[in-house]
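I opened the model today to look up a few things and write them down in order. The entries below follow the order in which I checked them.

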Amino acid sequence: MIEADRITIRAGKREILSSVSLAIQPGRVTGIIGPNGAGKSTILKAISGEIALAGGTIRLDGADMTRMKARHVATRRAVLPQSSSLAFPFTVHEVVRLGVSGPRSMEAVRERVTAALARVDLKDYGGRFFQELSGGEQQRVHLARVLCQVWEPCPHGKPNYLFLDEPTASLDLRHQLLTLDTARDFARRGGGVVAILHDMNLAALYADHIIVVDKGRIAAEGPPRAVLTDAMLQAVFGVSIRVGQAPADQPFILPHSVFAA
Amino acid sequence: MTMSLSMPVAGDRRSRAQLAIVVLGVLLLATMIGSLCVGPSGLSTGEVGQLIADALAGRFDAVGSTSHVILFDIRIPRTLLGALVGASLAVAGAMMQGLFRNPLADPGLVGVSSGAALGAVLVIVLGSALIAPITGIVRIGALPIAAFVGGFATTLTLYGIATREGRTSVGTMLLAGIALGALAAALTSYLVFRSDDLQLRELTFWSMGSLGGATWPKILIATPPIIAVLALMPFCARGLDALVLGESEARHLGIDTQRLKSIVIFATALAVGVAVAFAGVIGFVGIVVPHVLRLAIGPEHRTLLPASALLGAALLIAADMVCRVIVAPAELPIGIVTATIGAPFFLSILLRKRGVVDL
């Protein structure tokens with residue numbers, strides 16, 4: 001389990017995160033939602049060790065994560081960035097291979113890369129140049145790379161973690177669902193997943209646990225049904241809309257106007 | 001052998017790269033042999049072969065003869081120096097481009113060579129005139145150290161200026177490099193202005209580059225640091241690959257980016273420092289070689305770095321052969337040849353990437 005205990009992050013004098021505590025449990029998809037500038041990405045950056053803490057601790061299975069070596073942390077969690085460009089003409093195969101580490105035979109590495117590409121629906125893209133792909137395709141190549149990094153969700157009973165920063169941002173509908181299916185599958189097989197999501201319907205559909213961030217604090221958390229309420233949407237997002245019920249018995253949100261009619 | 005038997009997978013260029021490294025090794029060997037046989041003295045290929053065969057067989061009848069001196073005290077050290085300098089410049093270029101995530105970073109272009117040259121010139125001018133006369137082996141040893149310090153300080157400053165929050169600005173890098181290079185060149189010019197005739201002769205050599213001063217003591221001093229740089233290649237290859245994605249992405253992949261940057265800056269400065277100390281400022285090798293290889297075998301540093309070393313060595317030896325032959329019995333400074341090939345090359349990269357490189 002990854003536990004953040006009262007973490008505080010400052011940019012200059014301003015507090016971006018104020019004493020936030022949260023736990024990333026293996027076996028479930030944790031969705032982080034919140035308005036722009038609430039601190040969602042900052043939380044993800046903090047738990048992936050990208051920014052220094054002004055206070056608090058982050059622990060992985062009880063050990064202080066900020067003191068662990070990058071090499072060790074990388075075997076336990078992978079981070080999918082929002083976007084990233086490449087300066088050199090790498091092929092898709094070569095980019096995905098960056099995720100595979102440790103001494104393995106060339107044959108095993110190739111198999112892993114091929115399997116990862118198939119998972120993200122880019123089976124025959126290995127030989128294409130990364131720079132020539134569309135934004136959504138590049139995003140999926142990175143997902144394949146990240147999957148290679150923590151291929152087994154829970155090897156020897158030790159769960160691995162996937163951090164996804166708006167994984168569906170530039171994807172079409174089919175691949176939004178495919179990506180989140182992959183994330184959910186990772187969690188079902190024992191791994192832990194954290195995803196920043198903007199689409200609340202997708203959050204309701206895929207997250208087992210939702211954390212609502214607002215003004216650098218956690219405004220609400222719990223299962224989707226408990227969190228996605230009219231009152232929360234009004235208080236946090238400033239929209240007066242009703243949460244409806246559809247597909248099956250999951251809540252869904254249909255944005256029609258920011259202001260009540 | 002994995003490279004011939006395994007099935008090719010689309011986008012996996014590693015087998016091709018390994019094959020290319022073997023071919024480049026053969027090419028380097030051929031260039032070295034060619035370099036031993038070419039020169040204004042008219043020493044024939046047959047004589048060269050005979051002299052080498054004699055030496056290998058332990059016969060030293062020819063020691064002291066003109067042809068023996070030409071081969072063993074001029075051509076062999078010169079060829080070896082060409083290999084060492086060419087390899088260091090190309091590897092330094094490839095590493096620096098990886099560090100800056102930009103194919104246009106070149107030690108010569110962004111002022112690192114000028115910084116190194118300033119260090120070396122300081123030793124030549126101040127070393128003999130102002131502080132204490134330092135001569136002989138101490139002087140040969142002090143040159144690369146001073147050049148290394150100059151190159152190191154320049155690289156560090158450049159990286160500090162051009163990189164913010166893990167993002168390197170190409171425009172800032174090139175412009176800051178020009179400014180730093182101009183500053184170093186101004187100081188160098190001042191020193192040249194203050195120097196005497198004897199120093200002046202030695203100093204002109206820095207500005208255009210030459211392998212003409214190769215001697216065995218220089219080879220002995222240049223070899224260990226360059227071997228050290230080459231030995232560092234496997235330790236930064238995966239890191240440099242990951243760094244292409246961005247600094248935080250590299251860290252997420254488990255790379256200790258601070259350590260990686262220190263190693264690369266150190267290695268680059270060392271390679272350029274030694275090259276500049278013994279062969280002067282030779283531009284464009286560091287840009288042309290890695291660029292051609294990226295097109296041919298892909299940008300993965302695990303193969304790009306060793307291939308750059310081999311091709312850089314072969315290219316510089318070949319350029320030196322041109323220098324020795326083209327205006328014989330006089331010699332052309334090697335910087336003229338590399339710039340003539342390299343500058344149009346650089347422009348062609350710029351033209352092709354005009355849309356991609358934001359300045």
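This is a predicted model: local features need pLDDT of at least 70, side-chain atom pairs count only at pLDDT 80 or more; totals for chains, interfaces and linings use all residues.

Entry 1, contacts of one residue. Setting aside its neighbours within four places in sequence, I found Ala207(A) in contact with Val29(A), Thr30(A), Gly31(A) and Pro224(A). I then checked one of these partners, Thr30(A), for distance. Ala207(A) and Thr30(A) lie 177 residues apart in sequence, yet their C-alpha atoms are 5.6 Å apart in space.

I noted where Ala207(A) sits: in the loop of chain A between α7 (200-206) and β9 (209-214). Is Ala207(A) buried or exposed? I counted 28 other C-beta atoms within 10 Å of Ala207(A). The cut-off for buried is 20 or more, so Ala207(A) is buried.

Entry 2, chain A as a whole. I listed 9 helices and 12 strands in chain A. Of its 261 residues, 43% count as buried. I also looked at how far apart in sequence the contacting residues are. Among contacts in chain A with a separation of 6 or more, 64% are between residues 24 or more positions apart.

For overall dimensions, I read that the C-alpha trace of chain A spans about 60 × 40 × 35 Å along its principal axes. A compact globule of 261 residues would have a radius of gyration near 18 Å, and chain A has 19 Å, so the two agree.

I turned to α4 (residues 106-119) and α5 (residues 135-149) of chain A, whose axes come within 9 Å and cross at roughly 130°. That angle makes α4(A) oblique to α5(A). I recorded the crossing of α4(A) and α5(A) as right-handed.

Which residues meet between α4(A) and α5(A)? From α4(A) I listed Arg112(A), Val113(A), Ala116(A), Leu117(A) and Arg119(A); from α5(A), Ala144(A), Leu147(A) and Cys148(A). By class, this contact has 6 nonpolar residues, 2 charged residues and no polar ones.

I found 28 residues from chain A and 27 residues from chain B in it. On the side of chain B that touches chain A, α9 (216-243) and α10 (247-252) of chain B each supply at least two residues. I noted that α10(B) gives the most to that side, with 4 residues. By class, the side of chain B that touches chain A has 9 nonpolar, 9 polar and 9 charged residues.

Definitions and conventions
Residues are numbered from 1 along each chain as its sequence is written. Chains are lettered from A and ligands numbered from 1 in the order in which they are written. Axes are lines fitted to C-alpha atoms, for helices over the stretch in contact, and angles run from 0 to 180 degrees between N-to-C directions. Angles under 35 degrees count as roughly parallel, over 145 as roughly antiparallel, 65 to 115 as roughly perpendicular and the rest as oblique. A crossing is left-handed if the near helix is turned anticlockwise from the far one by less than a right angle, and right-handed if clockwise. Two residues are in contact if their C-beta atoms, placed from the backbone, lie within 7 Å. Ala, Val, Leu, Ile, Met, Phe, Trp, Tyr, Cys and Pro count as nonpolar, Asp, Glu, Lys and Arg as charged, and the others, Gly among them, as polar. A residue is buried if 20 or more other C-beta atoms lie within 10 Å of its own, exposed if 12 or fewer, and partly exposed in between; C-beta atoms are placed from the backbone. The radius of gyration is taken over C-alpha atoms; the globule rule is 2.2 Å times the number of residues to the power 0.38.
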